[in-house]
Amino acid sequence: MTESAQEFYGRWARLYDLIARETPGVARLRRRAAAACRLEPGDTVVEMGCGTGANLPYLRDQVGPEGTVVGIDFTRPVLERARAATAEYDNVHVLQGDATEPPVGLEAARSATSSIDAVLATFVVGMLADPAGAVDDWCDLVGPGGHVVLANAARSDEWYAPPVNAVFRAIVVLSTPPTTRLRYDDSPHLRLDAKIDAAHERLRERAVAVADETHLFGVVRLTGGRVA
């Protein structure tokens, strides 16, 4: 992620936190994503790009007080909100780092627990240069039998898609730094669609018992599976 992008998401951390927690239907989606990780009490789960920490309490509910939850994000103001949101839990750890290059703290957590049982990434792969490559890395991180779950926003394929997609396109343009640009060489929403398609397709290739679902008017795609 470029420095300008870090500054952008840091500046809007408070607004993103509000959207992440208060958007109608988003709490149900987050519960479903956590459940799709197929966690058991005592497991270890890593969220790549945890943002302001909206998913972390749901993951902690799945692993219980004896499990471990690790959230990773690149932007410091966002992480500060994630730490505040999970301060009551002594088994939830928030680390600064790149989702494509796990920080040293994650390796330490992996050594202490012997394995990472699941990786969750929500609304992240669209920001990555090589989404499919990142999914490969996450699958390798959990290893055979571990679970990887992706949830991302892309254009809807439902019959009522045109007005939904018009709103979605506007949101993508406004949330793509720099927002002052009126024209792009390639449309941000089409670029985002391509990245999400690539990531979800790679997970289907790498995993068995794959679950594919859509939420929030068909805009959010959730794919999860057990790595073969």
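The buried residues (under 20% relative accessible area, 1.4 Å probe, protein chains only) of helix α4, which spans residues 56–63, are Leu56, Pro57, Leu59, Arg60 and Val63. These residues lie on the same side of α4 because they cover an arc of only 160 degrees around the axis, the arc being that of the directions from the helix axis to the C-beta atoms. Helices (H or I, at least four residues) and strands (E, at least two) are DSSP runs, numbered from the N terminus. The cover over the buried residues of α4 includes α3 (26–36), β1 (44–48), β2 (68–73), β3 (92–96) and β4 (118–122). Just after α4, Gly64 adopts a positive phi of about 75 degrees.

The model is predicted, with local features requiring pLDDT of at least 70 and side-chain atom pairs counting only at pLDDT 80 or more, whereas totals for chains, interfaces and linings use all residues. Residues are numbered from 1 along each chain as its sequence is written, and side-chain values use heavy atoms, with hydrogens and water left out.

Glu47 is located in strand β1 and is buried, with a relative accessible area of 0%. Apart from residues up to four places away in sequence, Glu47 touches (heavy atoms within 4.5 Å) Asn55, Leu56, Leu59, Val70, Gly71, Ile72, Leu120 and Thr122. The C-alpha atoms of Glu47 and Val119 are separated by 5.7 Å, although these residues are 72 residues apart along the chain.

The protein chain contains 9 helices and 7 strands. Of its 228 residues, 49% are buried.

Terms used. Buried < 20%, exposed > 50% of the residue type's maximum accessible area, 1.4 Å probe, protein only.
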